[in-house]
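Biologist: I am new to this structure. Could you take me through a few of its residues?

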Amino acid sequence: MSSQAVAAGSKDEITEEERKARMAAACVELLKCIGEDPSREGLLKTPERWAKALLFFTKGYKESVENVLNEAVFHEKHDSMVVVRDIEVHSLCEHHLVPFFGKVHIGYIPNGKILGLSKLARIVEVYARRLQVQERLTTEIAQSLMDTLQPSGVGVVIEAKHMCMVMRGVEKTTTSTVTSSMLGCFRIDPRTRDEFLRFANSGK
């Protein structure tokens, strides 16, 4: 099930304060389990801080692309490629609940409609602020743009570092992961795909 499906199907059955209280109580137990003393000075406020932070990191579950776009779709005859590079992205890997972060490059060819440029970053944020895997995040961003604009095609590339590979496991600090999603003419036309990839890599 996609993070979009989870977000769409979830219901607020408890208040925000009750949610924070439950999360803080769970954090106290986690601290005890790793051998810490939750009552020591440095940790007294940690459960509440952690609860607030985790809710912020996952605020995308309460957001939708439709809401963040806020009528920023405009009719325009421009039919050449639009590319926005180096959109910063931060998310939490759903496998270990540790961060991955990097940059997103987005390109699309309009088919009668364009999107306010800042809204591309907003779309990234909606999906990144959920528990994710990079592969799904890439696909969700691309499919969201296809659904919203019905463009001739969309390309999305994400380059990210994963703390689950840096801080644990293989502990390799120099690795990065690159994923892509190509839809429409970006998938079927090699020239269009190559043009986008040249734009995406032009800052290196």
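**Salt bridges and a buried histidine**

Modeller: Gladly. Keep in mind that this is a predicted model. K59 and E63 form a salt bridge, with the closest N and O atoms 3.4 Å apart.

Biologist: Is K59 buried or exposed, or in between?

Modeller: Buried means under 20% relative accessible area, and exposed means over 50%. K59 has a relative accessible area of 25%, so K59 is partly exposed.

Biologist: Which residue forms a salt bridge with D86?

Modeller: D86 itself is partly exposed, at 33%. The closest N and O atoms of this pair are 3.3 Å apart. The partner is R85.

Biologist: D189 and R191 also meet in a salt bridge. Is R191 buried or exposed?

Modeller: The N to O distance in that pair is 3.6 Å. R191 has 67% relative accessibility. The cut-off for exposed is over 50%, so R191 counts as exposed.

Biologist: Which residues are linked in a network of salt bridges?

Modeller: By the rule used here, the salt bridges come to ten. The residues linked in a network are E16, R19 and K62.

Biologist: Now H162. Is H162 buried or exposed?

Modeller: H162 lies in strand β6, which covers residues 153-162. Its relative accessibility is 12%, and buried means under 20%. H162 therefore counts as buried.

Biologist: Which residues is H162 in contact with, leaving aside its neighbours within four places in sequence?

Modeller: Contact here means heavy atoms within 4.5 Å. With those sequence neighbours left aside, H162 is in contact with P99, F100, Q134 and T177.

Definitions and conventions. Residues numbered from 1 in each chain as written. Predicted model: local features only at pLDDT ≥ 70, side-chain atom pairs only at ≥ 80, totals over all residues. Heavy atoms only, no water. Helix = DSSP H or I, 4+ residues; strand = E, 2+ residues; numbered from the N terminus. Buried < 20%, exposed > 50% of the residue type's maximum accessible area, 1.4 Å probe, protein only. Salt bridge = Lys/Arg side-chain N within 4 Å of Asp/Glu carboxyl O.
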